[in-house]
Amino acid sequence: MKTDFLIVGQGLAGTLTGHALERMGASVVIMGLEKPHAASSLAAGIIHPVSGRKFVKAWLYDQLIAQCHETYEEIERNLGVPLFRKLDMHLYISSVKEENDLLSQARRYSYDDLLRPLAVKDRDMQNSRRGYAINAFQLDIQGLLGYSANRWKAKQRYLPEHMEYPALSREGDSWRYKDVVAGQVIFCEGVWCRGNPWFSHLPVIPNKGQVLTLDPAGFQNIDYLVKSGLLLTRWKEVIWAGATYEWDFDYPGPDSYGWNYLYRRLENLLSQPYRVRSHMAGLRPTVPDRKPILAEHAELPGLWAVNGFGTKGSSLGPYVTRHLADLLNGREKINRFSPSRFKE
Ligand SMILES: Cc1cc2nc3c(=O)[nH]c(=O)nc-3n(C[C@H](O)[C@H](O)[C@H](O)COP(=O)(O)OP(=O)(O)OC[C@H]3O[C@@H](n4cnc5c(N)ncnc54)[C@H](O)[C@@H]3O)c2cc1C
């Protein structure tokens, strides 16, 4: 089978790369078989403007969110399913100092017009809770991956396997992998890029995130997102509560550290008894400067890597993969996410 692009890995990066390339009229074959602890399998797909405890506005937020609307709404139309929604994020305030910090940062970064004092206390949260609501968004990542895979399978453009690297070879100006002959190959392998013979030099560092899901019975009606020590929101049929942010770990799966961390925060937050449904862990592909990477191999033209989505794949993905498509079709000349920045 001939194709313009072979995409290796069908997490969020591979899926959005596939849609961006098809959008420019190219043909794609996607190779996807989920490895345990892939980040996209358990991410809640939350996008919001307030970064960290200092209430700084997230990097490039306005551009990223504009591209999210365009990309996700177009994919929703193409796939015929809702995937992207707006929701309120409730930011709880625990002291006058914290409130002053939030309000002054909101003015400084011009998001004060997005903040509204919470008029009514959230019934599922402890009594003392007060704070502000701000616009946020949620992408159904697992829905996006599932419906996209089904469409590529129906078009026979999907290989349910892990790439065996020795089977990829140069054939004239193209690349052959078994019976697929591709003009270019794009690796979207998340943390597994570290084992890729052509891209293991990229500074991709695994960061472990653990999540608890809770039985929705007993909750009133959480149709908002809570940010208070952790993020809590509705996700599929359950309540999603997470996540840890771990650099040092020996084991990629769920463990007692994650359980205790999340449990303590839930005990401080929730007013009702609750029942844990599951405990999961995933590996975020992060980069030292927390910016994404678009890398073309220095000596082997036609081999690319898309990586470094870190904690923010849902907001970065549309912007970065559109930039990749523009580079590949010649509309953009300068790669703004080149890993050459690490040599400077
Ligand atoms: C607990 C947690 C919560 C998160 N919450 C959010 C959130 O709310 N909002 C947000 O924006 N982001 C969130 N993230 C981050 C987000 O999940 C990531 O930014 C994003 O999913 C990374 O996507 P990826 O495709 O690069 O990597 P991955 O999701 O890891 O996907 C890589 C894929 O490549 C496949 N693969 C690897 N090697 C090969 C090979 N050789 N052959 C074939 N396939 C291969 C793997 O099986 C996998 O399916 C969260 C992450 C975690 C861990």
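**Notes on the fold and on one helix**

1. Let me start with the contacts. Among those in the protein with a separation of 6 or more, 73% are between residues 24 or more positions apart. Please keep in mind that this is a predicted model.

2. On secondary structure, the protein has 19 strands and six helices. Its radius of gyration is 21 Å, close to the 20 Å that the globule rule gives for 344 residues, so the protein is as compact as a globular protein of that length. Taken along the principal axes, the box filled by the C-alpha atoms is roughly 70 × 40 × 40 Å.

3. Next, burial and surface. Buried residues make up 54% of the 344 in the protein. The accessible surface is about 16,100 Å², and carbon and sulfur atoms contribute 50% of that area.

4. A word on charge: there are 43 positive side chains and 37 negative ones in the protein. The centres of these two sets lie 3 Å apart.

5. Helix α6 is worth a look of its own. This helix covers residues 313-328, 16 residues in total, and spans 21 Å from its first C-alpha to its last, close to the 22 Å expected at 1.5 Å a residue.

6. How many of the residues of α6 are buried? The count is 16 of 16, with buried meaning under 20% relative accessible area. In general, an α-helix has 3.6 residues a turn, so residues three or four places apart point the same way.

Definitions and conventions
Residues are numbered from 1 along each chain as its sequence is written. This is a predicted model: local features need pLDDT of at least 70, side-chain atom pairs count only at pLDDT 80 or more; totals for chains, interfaces and linings use all residues. Side-chain values use heavy atoms; hydrogens and water are left out. Helices (H or I, at least four residues) and strands (E, at least two) are DSSP runs, numbered from the N terminus. The radius of gyration is taken over C-alpha atoms; the globule rule is 2.2 Å times the number of residues to the power 0.38. Buried means under 20% relative accessible area, exposed over 50%, partly exposed in between (1.4 Å probe, protein chains only). Contact means heavy atoms within 4.5 Å. Accessible areas come from the Shrake-Rupley method with a 1.4 Å probe; for residues, only the protein chains shown count as cover. Lys and Arg count as positive and Asp and Glu as negative; His and the chain ends are not counted. The place of a charge is taken as NZ of Lys, CZ of Arg, CG of Asp or CD of Glu. The expected span of a helix is 1.5 Å times one less than its number of residues.
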